[in-house]
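Please consider the following note on the charged side-chain pairs of this model.

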Amino acid sequence: MTFQTNIRRASSYKSVAKNSRVLSATPHDLVALLFAELRDSLDLMIENARRDNHGKLFEYRAKALGILNGLDESLDFEAAGDLAQTLHSIYAEAGRRIQAEVGTSFIERAESAREMLHEIEKAWLAIAPVK
């Protein structure tokens, strides 16, 4: 068995595990999964920025922005009112920081966006419904 075959199998197993979690997830769990994916994408984006690997940086930035957009679009302004508006504002600011020009302060801006979003993730996890 080659190294590449092992990588493909591991990737396949990871994909099956993720799909299983999604299929059995509650709405709360789905949002938690999105936050986890967002955090992972931001971590990888920042790591690749430090390595000056712009190709991967842009790949993970696009993924992070897509997830962030999905979280923003799922806000229910009618039901959540001011809370939804506050989250919308935070998501918009995080998006601006993630989309900052790659340069001297990019990593700091990206890290600050990651921290903002991590605080929301922690709050979301703290209000998990009792199963």
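1. E119 and K122 form a salt bridge, with their closest N and O atoms 3.0 Å apart. A salt bridge here is a side-chain nitrogen of Lys or Arg within 4 Å of a carboxyl oxygen of Asp or Glu. Because E119 and K122 lie three residues apart in helix α6 (residues 106-126), about one helical turn separates them. Helices are DSSP runs (H or I, at least four residues), numbered from the N terminus. E119 is partly exposed at 44% relative accessible area, and K122 is partly exposed at 40%. Partly exposed lies between buried (under 20% relative accessible area) and exposed (over 50%), with a 1.4 Å probe and protein chains only.

2. The model is predicted: local features need pLDDT of at least 70, side-chain atom pairs count only at pLDDT 80 or more, and totals for chains, interfaces and linings use all residues. Residues are numbered from 1 along each chain as its sequence is written, and side-chain values use heavy atoms, leaving out hydrogens and water.

3. K56 and E59 also meet in a salt bridge, at 3.3 Å from N to O. Both residues belong to helix α3, three residues apart, which is about one turn of the helix. K56 has a relative accessible area of 34% and is partly exposed; E59, at 41%, is partly exposed.

4. A further salt bridge joins K63 to E37, the closest N and O atoms being 3.2 Å apart. This pair links distant parts of the chain, 26 residues apart: K63 is in helix α3 (residues 54-73) and E37 in helix α2 (residues 27-50). K63 is partly exposed, at 39% relative accessibility.

5. How many salt bridges does the structure hold? The total is 11.

Key:
Helices (H or I, at least four residues) and strands (E, at least two) are DSSP runs, numbered from the N terminus.
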